[in-house]
Amino acid sequence: MTETAPLLPRLDTPARNSRGTQIPGPKPSWTVSLKYPFRGIFTLLLVFVPLSILSYHLAFPAILRFIFGLLAILPLTDILTTATEQLSHELGNTWAGLLNATFGNAIEIIVGIAALRQGQLRIVQTAMLGSILSNLVFGLGCSFVAAGFTYSESNFQVTAAQTSSSLMTLACISLAIPAAYHSTHPGPAISSVAGLLLISRTASILLLLVYVGYVVFQLRSHTFLFHSFGDEDSRMPGSVKMNAPAAASTLVITTILTSFCADYMVDSIEGAVNHHNISTTFIGMILIPFVSNFPIGPIVMGRKNNMGLAISMCIDSSIQVALLVIPFLVIIGWITGHELSLFFDDFETIVFFASVILVNTVIQDGKSNYMEGIMLVTLYIIIAAAFWVG
């Protein structure tokens, strides 16, 4: 025994067998599992779930239905994230990654499909782009500021971060090409729309293939680049708070409730815009993404100085929306006869491009500080102000 070895084993050290493999702890009971997602202050907002449903069926004013639906989505998002995280503990790295890819941005998919069903293509586009900006700019900035309260400088794996930011650059260029095509082909509207749809649908198929390649790159061939300190702790027995059946049941029920609330919220947007002089673009770009993507996780990871995980949360969520959710919705619109394209307004494309450039700049050295976080948060506030007056 060395001088530094403890006389007694640490109580928080997981048990291991003769081969050194960690022995799983006892599974949480159904009672413990079902209580776990309903902790924290967001639980209080669950009262807006029945209010959202009742306000729709009782024909409340549109602005109240919108507010109730928006506030109902916030706690449901938190529960959905918790259930996804807990279910991933029971799966291998590959299946956990696929689960996070599927349900990690479930809110965006649900809101997008609800808006697509109602033919509100503008809400689909702005909500998706707003989700990317919320995660990429505001979420990342908040995590940098949170870390800066305690640490003067934080470090992270620069190669993985640059790979992820390069994918965001690809997504940004893919959205800029339809806008460039539209501005340089001022021909008949029908031929212009047909060209935009062809470009968008082709690009969507290719972006989906790129996303599949990224999943393989992240979970199979280059996992060492994306391994950040703290990931192992998240898989220790003490971190498993829900058994798999309870987590899966919670995931399904929450997804169903979220789909209803999102549908009712989207249905109320037109009335709220017409009667209260609120910009549709501001609702889609700022309000909905701000509530559904509020960066609690990145802030917590920033406070723990786990910037690798914080950056992964923010940039990976943005990548999922840009390379998976938006192309998926374009394909769904193609199948259902909705002319959803990757063509965004020039101003929105410029804002997205500028945001990606700033993010690439602040992460290129593998270090972060609170000043870089302030820059990102400031940019997001300026963007929000621009869409408010627009």
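## Briefing on a predicted helical chain

Phe60 is found in the loop between H2 and H3, where helices (H or I, at least four residues) and strands (E, at least two) are DSSP runs numbered from the N terminus. This is a predicted model, in which local features need pLDDT of at least 70 and side-chain atom pairs count only at pLDDT 80 or more, while totals for chains, interfaces and linings use all residues. Residues are numbered from 1 along each chain as its sequence is written, and side-chain values use heavy atoms, with hydrogens and water left out. The chain holds 14 helices and 2 strands.

- With a relative accessible area of 31%, Phe60 is partly exposed; buried means under 20% relative accessible area, exposed means over 50%, and partly exposed lies in between (1.4 Å probe, protein chains only).
- Not counting residues up to four places away in sequence, Phe60 touches Ser55, Arg65 and Phe68, where contact means heavy atoms within 4.5 Å.
- Phe60 and Ser268 are 208 residues apart in sequence, yet their C-alpha atoms are 9.7 Å apart in space.
- Ala59 also lies in this loop, which runs between helix H2 (48-57) and helix H3 (62-89), and Ala59 counts as exposed because its relative accessibility is 61%.

**Positive phi values**

- Most residues other than glycine have a negative phi.
- Phi of Ala59 is near 55 degrees, which is a positive value in a residue other than glycine.
- Phi of Asn305 is near 65 degrees, again a positive value in a residue other than glycine.
- Asn305 lies in the loop between helix H11 (296-303) and helix H12 (307-336), and with a relative accessible area of 28% this residue is partly exposed.

**Burial and the nonpolar cores**

- Of the 390 residues in the chain, 49% are buried.
- Among contacts between residues at least 6 apart in sequence, 83% join residues at least 24 apart.
- The largest nonpolar core has 92 residues, and Met168 and Phe352 touch the most other members; a nonpolar core is a set of buried Ala, Val, Leu, Ile, Met, Phe, Trp, Tyr and Cys residues joined through side-chain atoms within 4.5 Å.
- Apart from this core lies another, of 8 residues, among them Leu46, Leu76, Ile79 and Cys261.
- Leaving aside its neighbours within four places in sequence, Phe352 is in contact with Leu129, Ile132, Leu133, Met168, Ala171, Cys172 and Leu175.

**Helix H7 against helix H13**

- H7 and helix H13 (residues 346-363) pack at an angle of about 165 degrees, with their axes 10 Å apart; axes are lines fitted to C-alpha atoms, for helices over the stretch in contact, and angles run from 0 to 180 degrees between N-to-C directions.
- H7 and H13 are therefore roughly antiparallel to each other, since angles under 35 degrees count as roughly parallel, over 145 as roughly antiparallel, 65 to 115 as roughly perpendicular and the rest as oblique.
- The crossing of H7 and H13 is left-handed, a term used if the near helix is turned anticlockwise from the far one by less than a right angle, with right-handed used if clockwise.
- Residues making this contact include Met168, Ala171, Cys172, Leu175 and Ala176 of H7, and Phe352, Phe353 and Val356 of H13.
- The residues of the contact of H7 with H13 divide into 13 nonpolar, 4 polar and 1 charged; Ala, Val, Leu, Ile, Met, Phe, Trp, Tyr, Cys and Pro count as nonpolar, Asp, Glu, Lys and Arg as charged, and the others, Gly among them, as polar.
- Ala176, which lies in helix H7 (residues 158-184), counts as partly exposed at 22% relative accessibility.
- Ala176 and Asp345 are 169 residues apart in sequence and 9.5 Å apart in space, C-alpha to C-alpha.

**Two further helix pairs**

- H13 and helix H14 (residues 370-389) pack at an angle of about 175 degrees, with their axes 11 Å apart, and that makes H13 roughly antiparallel to H14.
- The contact of H13 with H14 involves 11 nonpolar, 1 polar and 2 charged residues.
- Helix H5 (residues 106-117) and helix H6 (residues 121-148) pack at an angle of about 165 degrees, with their axes 8 Å apart, and H5 passes H6 in a left-handed crossing.
- In this pair, Glu108, Gly112, Ala115 and Leu116 of H5 meet Leu121, Ile123, Val124, Met128 and Ser131 of H6.
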